[in-house]
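Here is a walk through one protein model, taken piece by piece. Have the sequence and the coordinates open while you read.

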Amino acid sequence: MAAVVVAAVVVAGAVVTRVAGDGRADRAGSSASPAVSRGDHRVGGEPSAGAGTPAGAALPEGYRLVHDAEGFSAAVLEGWKRGTPDGAGGTFWVPYESPEDPARYLVVSEVAEATLEESVEAVGRREGYEQLADPEPFERDTVTGRLLGYRLDGETDGTWYVVDIRFQAADGKQYSVAAWQADDPDLTEERSIVDTATSNFCPPETDCGIS
């Protein structure tokens, strides 16, 4: 098992834990089918309306499609701004931050692991990791993956609740879309955010039929 190295990155006034060892770093995101919960940590919610938006169709109300400088496209909430990106080994890590709450953000990242299984396993090696719900299958027109709900307890940056979709995109590479938040273990809204973002994700240099 590879060693886990932790570094810190400041995002909108919040400390973001970057975990190398899975080759990546990110914060969780959420979304998909029926609700799942464990204890008081709700990770459920209904799928976002308009998931898998075809070319020319409207996004769910309150979302916009961004064409990021890293080459990917994804749906993000109106008003959320691109933060300071990072990357390692040719991969990217791009946060989109809530304008109202620095303890909430969405991270879109390319992961270094070669397979979906390796990517999912890497999450469980993070410092302070606690699984909140069993991994769920996540499938849309352009992605196949797993939806994860977990908590991270860090010695320096406190507790974060994460919904994280790990998936293989149309280009055959592995990605993560994760919604992070520090204030509330109810991740229903985060699940909707990551569902919408991932359902409208297109990797760099790929025609996914999404506009």
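The notes below go from model confidence to the sheet, the helices, a loop glycine and the disulfide.

The protein averages a pLDDT of 77, and 71% of the residues score at least 70. Residues 1-56 are another matter, with pLDDT below 50 over that stretch. In the model this stretch still has 205 contacts beyond near neighbours in sequence. Where pLDDT is low, the predicted coordinates should not be read in detail.

## The sheet

What order do the strands of the open sheet take? Reading across, the 7 strands go β7-β8-β9-β13-β12-β11-β10, and the pairing is antiparallel. The edges belong to β7 (81-82) and β10 (129-139). Each of these has a single partner strand, so one side of each lacks a neighbour in the sheet.

Further in, β9 (residues 104-110) pairs with β13 (residues 174-181) in the antiparallel sense, over 7 bridges. Within that pairing, Val-107 sits opposite Ala-178 of β13. Helix α1 (residues 116-123) packs on the sheet, where it touches β10, β11 (144-154), β12 (158-168) and β13. The direction of α1 makes about 15° with that of β11.

## Around β8

Strand β8 (residues 93-97) is mostly covered, with 5 of its 5 residues buried. Trp-93, Pro-95 and Glu-97 point one way from the strand, while Val-94 and Tyr-96 point the other way. Both sets are buried.

On one side, β8 runs antiparallel to β7, joined by 2 bridges. Here Lys-81 stands opposite Glu-97. Between β8 and β9, also antiparallel, there are 5 bridges, and the two strands form a hairpin with 6 residues between them. Glu-97 turns up here too, with Tyr-105 as its bridge partner in β9.

## A glycine in a loop

Gly-79 lies in the loop between β6 (73-77) and β7. Is this glycine buried or partly exposed? It is partly exposed, at a relative accessible area of 30%.

Which residues does Gly-79 contact once neighbours within four places in sequence are left aside? They are Arg-64, Glu-97 and Pro-99. Glu-97 is the β8 residue that stands opposite Lys-81. As for Glu-100, 21 residues away along the chain from Gly-79, the two C-alpha atoms are separated by 9.2 Å.

## Helix α2

Helix α2 (residues 188-199) has 12 residues and reaches 17 Å from its first C-alpha to its last. That is close to the 16 Å expected at 1.5 Å a residue.

How many of the 12 residues of α2 are buried? The count is 9, so the helix is largely enclosed by the rest of the structure. Among the buried ones are Glu-190, Arg-191 and Asp-195, along with Ile-193 and Val-194. The run from Thr-196 through Ala-197 and Thr-198 to Ser-199 is buried as well.

## The disulfide

A search of the whole structure turns up 1 disulfide. Cys-202 and Cys-208 form it, with their sulfur atoms 2.2 Å apart. The link is right-handed, with 85° about the S-S bond.

Are its two cysteines buried or exposed? Cys-202 has a relative accessible area of 8%, so it counts as buried. Cys-208 is buried too, at 16%. Both values fall under the 20% cut-off for buried.

Conventions: Residues are numbered from 1 along each chain as its sequence is written. This is a predicted model: local features need pLDDT of at least 70, side-chain atom pairs count only at pLDDT 80 or more; totals for chains, interfaces and linings use all residues. Side-chain values use heavy atoms; hydrogens and water are left out. Two strands pair if DSSP finds at least two bridges between them. Helices (H or I, at least four residues) and strands (E, at least two) are DSSP runs, numbered from the N terminus. Contact means heavy atoms within 4.5 Å. Axes are lines fitted to C-alpha atoms, for helices over the stretch in contact, and angles run from 0 to 180 degrees between N-to-C directions. pLDDT is the predictor's confidence in each residue, from 0 to 100. A disulfide is a pair of cysteine sulfur atoms within 2.5 Å. Buried means under 20% relative accessible area, exposed over 50%, partly exposed in between (1.4 Å probe, protein chains only). The expected span of a helix is 1.5 Å times one less than its number of residues.
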